[in-house]
Structure formats: structure tokens, C-alpha cells
Amino acid sequence: MAETETRLHPQAGRPSLEAENALLSALPGAVRKIRSPRPRHALAPGIWLDYQPDAGVGVLAAPEPEGDGVRLQLQDIGTSPWFSLSYGIDLAALRQGRYLGQLLDCSSRGPGRFRICLRYLLAEGFRDVFARDLVVLTGARQEDLVFIPVDAELAAQAQGAEVLYFFEGRSFDVTLHGAEALLI
């Protein structure tokens with residue numbers, strides 16, 4: 001049992017995801033209301049909204065009125081094939097894990113869904129690895145835990161990495177109350 005406990009708790013000197021989790025927890029207080037920003041818009045330092053440029057996307061990003069999260073309201077995706085929220089992740093820490101987890105606290109006004117992706121930034125482009133599970137929101141506040149296996153070969157070749165939440169559908173109204181990156 002002691003060996004299991006050692007593996008579940010951070011060890012001294014091992015890379016961790018503290019910086020990423022500090023960014024994610026500060027997001028509700030850092031975001032400012034904005035309508036249809038330019039793609040790769042920094043919602044907060046190190047956290048971006050992205051979609052295809054000049055695609056006619058109509059979106060509102062704003063703090064929840066009670067200060068308990070960030071509301072993303074996509075009114076129309078236009079012709080963009082994707083809409084994402086993303087943040088960078090420490091590559092040295094990622095290389096130490098077998099799985100990258102995302103502990104999510106979300107709600108929606110109506111249906112909403114998104115898939116989580118781990119993007120390896122390579123010299124010749126990027127490679128996406130998606131979680132098997134899709135986060136499906138039906139209105140009520142819910143907590144989800146989603147895992148993506150870390151590809152050791154890709155992580156060794158990568159020059160950087162990002163986590164992306166790819167939202168699906170022509171429109172949605174989702175609130176991200178909290179998110180935490182977990183390395184296993």
C-alpha cells in the first residue's frame with residue numbers, strides 16, 4: 001500500500017502542474033467580458049479562445065455574474081470547423097506521467113459538449129491525441145474527470161504541449177466553474 005500512496009502523491013523534485021492549475025483557478029477573476037474577439041484571443045495569461053479567422057463566429061466570453069466561473073456563449077460558429085479553449089502545459093511534467101487528467105466543474109444553459117485534446121507541438125507541426133470520453137452537459141452543474149494517455153514517444157519529440165477543449169455544435173452556452181490538470 002505504501003508504494004501506491006507514493007505514486008499518488010507528488011514527490012520532491014518531480015515536475016508538477018502547479019503553474020497550470022494556478023492559471024486555471026485564477027481564470028474567473030482574470031477574464032473580462034468580450035464579444036467576438038479575434039482568434040487566439042488571450043482570455044487570461046496563458047489561456048486562449050480560438051477558431052478559424054474570418055469565419056463569422058459570434059461568441060460572448062464573460063465572467064459569471066456571481067464570479068463563479070467563465071461563461072462561453074457561442075451564438076453562431078459561422079463557417080469555422082472548430083472552436084476551442086486552450087492552455088499550455090509544462091512538457092517536462094508531462095513527460096513524467098502516464099496519463100493527463102482534467103477534473104472539470106461545468107454547467108450549461110441547454111445542451112453542450114466538448115472533447116479534450118492533448119496537442120504535442122512538434123518541429124514539423126502538431127499531433128493531437130483526444131480523450132476517449134466526451135464531456136456532455138445537459139444544464140445542471142456537474143463534475144467530470146477525463147483522462148488522456150501520454151504518448152511517451154510524442155512527448156519526447158515535442159517542443160511544447162497544449163490542452164484544448166474542442167466544443168461541438170453550432171451554438172452553446174457553457175460555464176466553466178473550475179478545471180484542474182492532474183498528472184498520473
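**From a chain segment into the sheet**

A: Ile184 lies in the segment that follows strand E12 (172-183); strands (E, at least two residues), like helices (H or I, at least four), are DSSP runs numbered from the N terminus. This is a predicted model, in which local features need pLDDT of at least 70 and side-chain atom pairs count only at pLDDT 80 or more, while totals for chains, interfaces and linings use all residues. Residues are numbered from 1 along each chain as its sequence is written, and side-chain values use heavy atoms, with hydrogens and water left out.

With a relative accessibility of 47%, Ile184 counts as partly exposed, a class that falls between buried (under 20% relative accessible area) and exposed (over 50%), using a 1.4 Å probe and protein chains only. Together with Tyr99, Leu145 and Phe147, Ile184 forms a nonpolar surface patch with about 350 Å² of accessible area. Patch members have over 30% relative accessible area and no salt bridge, nonpolar side chains (Val, Leu, Ile, Met, Phe, Trp, Tyr) being joined within 5 Å and like charges within 9 Å; a salt bridge is a side-chain nitrogen of Lys or Arg within 4 Å of a carboxyl oxygen of Asp or Glu. Accessible areas follow the Shrake-Rupley method with a 1.4 Å probe, and for residues only the protein chains shown count as cover.

Strand E12 itself belongs to an open sheet of 6 strands, ordered E1-E4-E5-E12-E7-E10 with antiparallel pairing. Strand E1 (34-35) and strand E10 (142-149) stand at the edges with a single partner strand each, so one side of each has no neighbour in the sheet. Strands E7 and E12 pair in the antiparallel sense over 9 bridges, where pairing requires at least two DSSP bridges between two strands. Within this pair, Leu104 has Ala179 of E12 as its bridge partner.

Strand E7 (residues 99-108) also includes Ser108, which is buried because its relative accessible area is 7%. The side chain of Ser108 reaches the backbone oxygen of Gly110 at 2.5 Å, and a polar atom of that side chain lies 3.0 Å from the backbone nitrogen of Gly139. Such polar contacts are pairs of N or O atoms within 3.5 Å; within protein, one must be able to donate a hydrogen and the other to accept it, and residues adjacent in sequence count only if both atoms are side-chain atoms. Leaving aside residues up to four places away in sequence, Ser108 touches Leu137, Thr138, Gly139, Asp173 and Val174, contact meaning heavy atoms within 4.5 Å.
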